[in-house]
Amino acid sequence: MGYQWNGQEIAADEEGYLTDLSQWNPELALLIAEDEKVAMTDEHWEVVNFLREYYDEYQIAPAIRVLTKALKKKLGEEKSTNKYLYDLFPYGPAKQACKIAGLPKPTGCV
Amino acid sequence: MSDTKRFLYVNRKAPHGTIYALESLEVVLIGAAFEQDVSLAFLDDGVFQLIKKQATTGIGVKNFAPVYRALGDYDVKKIFVERESLEERGLSEDDLMEIVHEDDEEEEHNSIEIVDRARMAEIMAAQDVILSF
C-alpha cells in the first residue's frame, strides 16, 4: 500500500509504515493519522515528535515500555502512563504513533 | 523473579560484512522484553561493533551503531568487552563508544566493562544460556 500526498505516491509496506523515512512531513503525518482514525491534537504531536527525536538519536523506534519510561522523564508521570498513551492511540501507541511519525515498526514490540 | 535465566549474547564478528551483528542486536532488543538477566560480550572482531564514530554512507548500509546506546533504555546494563581482542587489533577503551544506563535514582553508569580473557571465560561459565553471533 501507499499514500497519495500532494500528487505523489508515497510508498509504504503492507501495514502502512513508510518505506522511505525521508519522505515524511507533518502533512503526510496527518494523512496517515486519518487512515488510522486518529484525530491529531497537540498531545498526539508531543508523542509523535518525541518518537522522531528518539529515532534521530538512536536509529530505533522504541518498544512501548521504553517509550513510556523515556516519556516519563521528558513530559512527566501524567503523560507517560499506558492509559494516557492508549487513549491517544487506541490501537497501540508504539505501533500507531510510530506509523504516523514515519518510523519503522518498533523493535521488541510483542 | 525465580525463573529468571542468565542470558549472554556473544558477538564475534565485524559489524557490516555480515548480518550477524545487526541480527544479534535485534534479538537482544526483542529478548529484553522478557525480563531476563541479559549480558552482552564482544570479542574477536566483534569489538569493532562498538567503535565510536562509525560512518556507513560509503558502503550503502544503515549505520546501526547508535542503537547500542539505547540498550540502557532496554535494561541491558552489562556489556563485557575482551581486553585481548581490543589489543590484538590495536584498539583501546578510548576507541569505543560510550554506553550508559540509569539506576533507580536516575544516575548514569557506564555499561561497558573491559575484562581479560580469563574473566570472560568465568562470565561465560556462569550463564544459563549463551547465544553466539
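How does B:Glu102 count, buried, exposed or partly exposed, by its C-beta neighbours inside 10 Å? With 15 such neighbours, B:Glu102 counts as partly exposed, where a residue is buried if 20 or more other C-beta atoms, placed from the backbone, lie within 10 Å of its own, exposed if 12 or fewer, and partly exposed in between.

The views below show a predicted model, in which local features need pLDDT of at least 70 and side-chain atom pairs count only at pLDDT 80 or more, whereas totals for chains, interfaces and linings use all residues. Residues are numbered from 1 along each chain as its sequence is written, and chains are lettered from A and ligands numbered from 1 in the order in which they are written.

View 1. Helices (H or I, at least four residues) and strands (E, at least two) are DSSP runs, numbered from the N terminus. Leaving aside neighbours within four places in sequence, B:Glu102 is in contact with B:Gly72, B:Glu107 and B:Glu108, two residues being in contact if their C-beta atoms, placed from the backbone, lie within 7 Å. B:Leu43, 59 residues away from B:Glu102 in sequence, is 25 Å from it in space, C-alpha to C-alpha.

**View 2. The open sheet of chain B, with 5 strands in the order 6-3-2-1-7 and parallel pairing.** Strand 6 (112-115) and strand 7 (129-132) of chain B each have a single partner strand and stand at the edges, so one side of each is left without a neighbour in the sheet. From one strand to the next, the twist averages 25 degrees. Strand 1 (residues 6-11) and strand 2 (residues 37-42) of chain B pair in the parallel sense over 6 bridges, and strands are taken to pair if DSSP finds at least two bridges between them. Within this pair, B:Asn11 stands opposite B:Phe42 in strand 2 of chain B.

**View 3. Helices packed on the sheet of chain B.** Helix 1 (residues 20-31) of chain B touches strand 1, strand 2 and strand 7 of chain B, and its direction makes about 165 degrees with that of strand 1 of chain B; axes are lines fitted to C-alpha atoms, for helices over the stretch in contact, and angles run from 0 to 180 degrees between N-to-C directions. Helix 4 (residues 117-125) of chain B also packs on the sheet, where it touches strand 1, strand 2, strand 3 (78-82), strand 6 and strand 7 of chain B, its direction making about 140 degrees with that of strand 3 of chain B.

**View 4. The crossing of helix 2 (residues 42-58) and helix 5 (residues 93-100) of chain A.** The axes of these two helices come within 9 Å and cross at roughly 80 degrees. Helix 2 of chain A and helix 5 of chain A are therefore roughly perpendicular to each other, since angles under 35 degrees count as roughly parallel, over 145 as roughly antiparallel, 65 to 115 as roughly perpendicular and the rest as oblique. A:Val47, A:Val48 and A:Leu51 of helix 2 of chain A make the contact with A:Pro93, A:Ala97, A:Cys98 and A:Ile100 of helix 5 of chain A. By class, this contact has 7 nonpolar, no polar and no charged residues, where Ala, Val, Leu, Ile, Met, Phe, Trp, Tyr, Cys and Pro count as nonpolar, Asp, Glu, Lys and Arg as charged, and the others, Gly among them, as polar.

**View 5. The contact between chain A and chain B.** Here 12 residues of chain A are in contact with 13 residues of chain B. On the side of chain A that touches chain B, helix 2 and helix 3 (64-75) of chain A each supply at least two residues, and the largest share, 3 residues, comes from helix 3 of chain A. That side of chain A has, by class, 7 nonpolar, 3 polar and 2 charged residues.

**View 6. The hairpin of strand 1 and strand 2 of chain A.** Strand 1 (residues 2-5) and strand 2 (residues 8-11) of chain A pair in the antiparallel sense over 4 bridges, with A:Trp5 standing opposite A:Gln8 in strand 2 of chain A. The hairpin has 2 residues between its strands, and A:Asn6 in the turn has a positive phi of about 55 degrees.
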